[in-house]
Amino acid sequence: QSVRGADGVLYVLGLCEGNHCRSGSKGKDTGNGKVVIMAREETGGPTGGCYWKTVRIVDLPIEGFVDYSALALHHATKAVAITSQENSQIWI
């Protein structure tokens, strides 16, 4: 999901599939979901060009999700929806 902030910067929101942004048993430690927010930087990437720089990691206030499968933003209402495939649930 990408969104342009009030500051005009283009951000990419990366939903970690596992808790703690990990796989294995650590990734199934429920209640530890995260979204990684990255901003586009025009220079300084590994090849000298543009890259996505992590600017913040947001902890999700969702208890009980074993995994995270999708994130959707409703721009008009600023609502966020996050789903779990393993739990067959949605959080809004």
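Lys78 is exposed, at 72% relative accessibility, where exposed means over 50% relative accessible area, buried under 20%, and partly exposed in between (1.4 Å probe, protein chains only). The model is predicted, and local features need pLDDT of at least 70, side-chain atom pairs count only at pLDDT 80 or more, and totals for chains, interfaces and linings use all residues. Residues are numbered from 1 along each chain as its sequence is written, and side-chain values use heavy atoms, with hydrogens and water left out.

Lys78 is not a glycine, yet its phi is positive, at about 65°. The residue is placed in the loop between strand 5 (70-74) and strand 6; helices (H or I, at least four residues) and strands (E, at least two) are DSSP runs, numbered from the N terminus. A positive phi, of about 60°, is also found at Cys21, again not a glycine. Cys21 belongs to the loop between strand 2 (10-15) and helix 1. With a relative accessibility of 32%, Cys21 counts as partly exposed.

Strand 3 spans residues 34-41 and includes Lys34. Six of the eight residues in strand 3 are buried, so the strand is mostly covered. Strand 3 pairs with strand 2 in the antiparallel sense over five bridges, two strands being paired if DSSP finds at least two bridges between them. In this pairing, Tyr11 stands opposite Ala39 of strand 3. Strand 3 also runs antiparallel to strand 4, to which eight bridges join it. Here Glu41 has Tyr51 of strand 4 opposite.

Lys34 itself counts as buried because its relative accessibility is 19%. Apart from neighbours within four places in sequence, Lys34 is in contact with Gly14, Leu15, Cys16, His20, Cys21, Ile57, Val58, Asp59 and Leu60, contact meaning heavy atoms within 4.5 Å. Among these residues is Cys21, described above for its positive phi. The side chains of Lys34 and Asp59 are joined by a polar contact of 2.5 Å. A polar contact is a pair of N or O atoms within 3.5 Å; within protein, one must be able to donate a hydrogen and the other to accept it, and residues adjacent in sequence count only if both atoms are side-chain atoms.

Three salt bridges are counted, each defined as a side-chain nitrogen of Lys or Arg within 4 Å of a carboxyl oxygen of Asp or Glu. One of them is formed by Lys34 and Asp59, whose closest N and O atoms are 2.5 Å apart. This pair links distant parts of the chain, with Lys34 in strand 3 and Asp59 in strand 4 (residues 51-59), 25 residues apart. Whereas Lys34 is buried at 19% relative accessibility, Asp59 is exposed at 54%.

Another salt bridge joins the side chains of Lys28 and Glu86 (3.1 Å, N to O). Lys28 lies in the loop between helix 1 (24-27) and strand 3, and Glu86 in the loop between strand 6 (79-84) and strand 7 (89-91), so the pair ties together parts that are 58 residues apart in sequence. The relative accessibility of Lys28 is 47%, and this residue therefore counts as partly exposed.

A salt bridge is also found between the side chains of Glu42 and Arg40 (2.9 Å, N to O). Glu42 has a relative accessible area of 52% and is exposed. Arg40, with a relative accessible area of 37%, is partly exposed.
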